Amino acid sequence: MIQLLLLVSLFAQGEPCDPTINPDRELTIVDPNVVNDARADAGGPWHMSSLLKEMLPESATASDLARFVSRFLKKSKETTRVNGFDLRFPGFALGERAICRWLKETSGVSCEVAEEVGPARIPYKLIAIVNRLDLEGHFLDRAEGRFVFGAVSLPTDKPGTNPTTLGVPETVIFEYHLPAKTEADRKQWARDWHALSDSSLSCNTPQDCEVYRQALQKVTDRFSRRGLVSGKPNGNSIGQIRTSHVAPGEPSLWTFRQFELEGEGIHADLVSAPVAQTPNHSLDNSEELKTLLNQNAQSVLDKKFVIPRNLLGGEAILDESQPSQWQLAGVDPAVKNAFASETCNGCHRVDNIKDDFFQISPLGPPSMGRERLSDFLAIDETPKRVANMKRLLCD
């Protein structure tokens with residue numbers, strides 16, 4: 001409210017609108033005083049199991065949640081074909097190096113035959129909360145709020161503070177559509193995120209950060225809880241969950257998968273879905289894809305072109321041994337680069353990446369903050385997101 005009154009006052013006086021955007025507080029929040037808070041431990045609203053439970057009805061029991069997670073893992077492992085394309089690396093949705101320890105701890109048997117899980121000890125820790133209002137007008141045509149999780153080496157109910165766990169090179173991103181039907185709704189979301197930069201919300205130590213964390217939770221609750229959006233499974237606004245990890249047995253290959261929520265009640269399921277804006281890897285250098293990009297070159301350059309759904313694969317593969325992720329001989333280099341930057345594997349193939357692969361790295365100690373961010377995200381992308389926030393706040 002303070003920020004809004006200031007903006008209105010400046011506008012009324014004819015002053016230029018130029019709000020100060022604090023990326024660390026309102027765009028990409030990686031402060032260890034936030035992501036290592038008890039809210040990110042088992043039972044807290046930012047823990048992965050809590051977010052999964054919100055995808056079920058309020059009446060769901062602990063057993064319902066355990067079965068929901070078990071079905072997710074089992075179905076992801078058994079799926080071999082998505083959208084008409086075979087998966088090159090079928091297997092667990094989450095990387096095997098972390099979840100096998102977790103499943104064995106829960107059931108006492110190997111992860112290949114485990115039928116039960118203990119969601120409270122899921123081996124993933126929160127590493128970022130992200131405002132993606134800049135997706136408005138993008139190919140998704142939606143604004144999003146995201147939780148980014150990194151795998152840890154051991155199952156734990158206190159992933160942010162357990163000193164025995166280490167970061168593992170796997171991430172899972174929960175990507176929620178911010179409930180917004182109109183332009184006015186989008187602008188209100190911008191004001192709500194921007195209010196997190198108010199000077200009264202200090203966050204320099206774990207102790208003095210609580211007021212900021214409370215304000216942030218009010219924002220995240222408005223997109224992560226059940227019952228928020230009519231017509232979606234259990235009213236949950238989740239758009240998709242994306243996973244990424246090293247391909248099994250292929251240390252130079254990374255694989256991305258995508259999952260969407262379907263069904264209703266306690267029988268809702270997370271099911272494999274085509275990876276957004278990423279053609280199946282078998283189409284690289286195909287005449288079909290090259291012709292499509294050449295015929296829509298300007299739209300591709302403007303980053304408004306939507307890849308037809310029938311071309312989307314069920315996984316995106318990044319090969320570190322290749323100099324370029326997409327070959328596409330005969331396509332103008334500028335068009336090829338614009339197209340590639342929109343794909344999952346192309347976006348993670350840029351030169352100024354973090355730890356060989358990540359935009360937000362799960363590696364490193366819990367005390368890491370902005371050091372988790374790739375240069376691409378911190379230097380190239382953040383100014384664009386800042387400019388978008390200013391536009392939403394000032395238009």
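Partly exposed, as the word is used in these legends, lies between buried, under 20% relative accessible area, and exposed, over 50%. The model shown is a predicted one.

**View 1**
Side chains of opposite charge can pair when their charged atoms come close. Arg39 does this with Glu210, where the closest N and O atoms of the salt bridge are 2.7 Å apart. That pair reaches across the chain: Arg39 sits in the loop between α3 (32-35) and α4 (48-53), while Glu210 belongs to helix α8 (residues 210-224), 171 residues apart. Glu210 has 25% relative accessibility, so it counts as partly exposed. Arg39, on the other hand, comes in at 13% and therefore counts as buried. Arg39 also has a salt bridge to the side chain of Asp37, at 2.8 Å from N to O. Here both partners, Arg39 and Asp37, are buried.

**View 1. Asp269 and Arg71, a link between a strand and a helix.**
Another salt bridge joins the side chains of Asp269 and Arg71, with 2.5 Å from N to O. Asp269 is in strand β9 (residues 269-273) and Arg71 is in helix α5 (residues 62-78), so this pair ties together parts that lie 198 residues apart in sequence. Asp269 is buried, because its relative accessible area is 12%. Arg71 has 23%, so that side of the pair is partly exposed.

For the tally, the count of salt bridges comes to 24.

**View 2. Helix α7 against helix α13.**
Two packed helices are described by the angle between their axes and the distance between the axes. For helix α7 (residues 183-194) and helix α13 (residues 375-394), the angle is about 115° and the axes are 9 Å apart. The α7 and α13 crossing is left-handed. On the α7 side, the contact involves Glu183, Lys187, Ala190, Arg191, Trp193 and His194, and on the α13 side it involves Met389, Arg391, Leu392 and Leu393. Sorted by class, that contact of α7 with α13 holds five nonpolar, one polar and four charged residues.

Strand β6 (residues 167-177) pairs with β7 in the antiparallel sense over seven bridges. In that pairing, Ile173 stands opposite Arg242 in β7. β7 also pairs with β8, again antiparallel and over seven bridges. There, Thr243 faces Arg257 in β8 as its opposite number. The hairpin of β7 and β8 has two residues between the strands, and its Gly249 takes a positive phi near 75°.

Strand β8 (residues 250-262) and β9 pair in the antiparallel sense over five bridges.

**View 3. The surroundings of Cys203.**
Cys203 is placed in the loop between α7 and α8. With a relative accessible area of 4%, Cys203 is buried. Leaving out residues up to four places away in sequence, Cys203 touches Arg25, Asp31, Asn33, Val34, Asp208, Cys209 and Tyr212. Pro233 is 30 residues from Cys203 along the chain, and the C-alpha atoms of the two are separated by 36 Å.

Asn285 is a residue other than glycine with a positive phi, near 70°. Its setting is the loop between β9 and α9 (287-295). At 34% relative accessibility, Asn285 counts as partly exposed. Leu328, also not a glycine, has a positive phi near 50°. Leu328 is in the loop between β10 (316-319) and α11 (333-342). Its relative accessible area is 1%, so Leu328 is buried.

Note on methods:
Residues numbered from 1 in each chain as written. Predicted model: local features only at pLDDT ≥ 70, side-chain atom pairs only at ≥ 80, totals over all residues. Heavy atoms only, no water. Salt bridge = Lys/Arg side-chain N within 4 Å of Asp/Glu carboxyl O. Buried < 20%, exposed > 50% of the residue type's maximum accessible area, 1.4 Å probe, protein only. Helix = DSSP H or I, 4+ residues; strand = E, 2+ residues; numbered from the N terminus. Axes fitted to C-alpha atoms, helices over the stretch in contact; angles between N-to-C directions. Left-handed = near helix turned anticlockwise from the far one by under 90°. Contact = heavy atoms within 4.5 Å. Nonpolar A, V, L, I, M, F, W, Y, C, P; charged D, E, K, R; others polar. Pairing = 2+ DSSP bridges.
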